[in-house]
Amino acid sequence: MTLKSKVQELIDKALEEHTSIFIIDFTVSADNKITLTIDGDEGVTLQDCINFSRAIEHNLDREEQDFSLEVASAGATAPLKLLRQYHKNIGRKLKVVTLDQEKYEATLDNVIDNQIVLKWKAREPKPVGKGKVTVEKEAVIPFENIKEANVIISF
């Protein structure tokens, strides 16, 4: 059994115990550096990272195979990769770039099937007369058309 498949089994077992946590990225490099990035439906705590680190490290034998291990949370500025991440960010403002280079900065209103719904307000010229009026805009973007999406952090 390869190191990667053995670690994958240990991760799967840990995921069964911690159902609100999910994997964003998992790699094992040629020099046996194990990198695991996790996220959670309610966020990720330091204890979550410790739990996954222990679930892996305590079940591998360094005498058999030397390795290094890094378990981290996705981070606030990391791009959203999985549909499950969009669900937990409903109501937050996102910066989204589509495959055809359309750019949006809008509030994630909903996630329906495999698409996201963005809403924002825009100022447009009045249909009659001078001046502008504020209108609500909406965009429905299929998940597979998203090139990159990031949560906009505001203070």
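A residue is called buried here when its relative accessible area is under 20%, exposed when over 50%, and partly exposed in between, using a 1.4 Å probe and protein chains only. By that rule, buried residues make up 32% of the 155 residues in the protein.

Before going further, a word on what you are looking at. This is a predicted model, in which local features need pLDDT of at least 70 and side-chain atom pairs count only at pLDDT 80 or more, while totals for chains, interfaces and linings use all residues. Residues are numbered from 1 along each chain as its sequence is written, and side-chain values use heavy atoms, leaving out hydrogens and water.

Let us start with the overall layout. The protein has three helices and eight strands, where helices (H or I, at least four residues) and strands (E, at least two) are DSSP runs numbered from the N terminus. Along the sequence they follow the pattern α-β-β-α-β-α-β-β-β-β-β. The C-alpha atoms fill a box of roughly 80 × 30 × 30 Å along the principal axes.

Now look inside. A nonpolar core is a set of buried Ala, Val, Leu, Ile, Met, Phe, Trp, Tyr and Cys residues joined through side-chain atoms within 4.5 Å. The largest one has 17 residues, and Val7, Ile34, Leu36, Ile38, Phe52, Ile56 and Leu60 touch the most other members. At least two residues of this core come from each of α1 (3-17), β1 (21-28), β2 (33-40) and α2 (46-57), and α1 gives the most, with five. A second, separate core of 16 residues includes Tyr86, Tyr104, Ile141 and Val151.

The structure holds two aromatic pairs; rings of Phe, Tyr and Trp (its six-membered ring) pair if their centres lie within 6.5 Å, with planes under 30 degrees apart counted as stacked, over 60 as edge-to-face and the rest as tilted. One of them joins Tyr86 and Phe143 edge-to-face, at 5.6 Å centre to centre and 90° between the planes. The partners are 57 residues apart, with Tyr86 in helix α3 (residues 83-88) and Phe143 in the loop between β7 (132-142) and β8 (146-151). Tyr86 is buried, with a relative accessible area of 1%, whereas Phe143 is partly exposed at 24%.

Finally, the UniProt record, an unreviewed entry, places the domain "Ribosome maturation factor RimP C-terminal" at residues 80-155. Over those residues the chain is 8% helix and 58% strand, and the end C-alpha atoms are 20 Å apart. UniProt positions are given in the numbering used here, feature names are shortened, and annotations may be inferred rather than shown by experiment.
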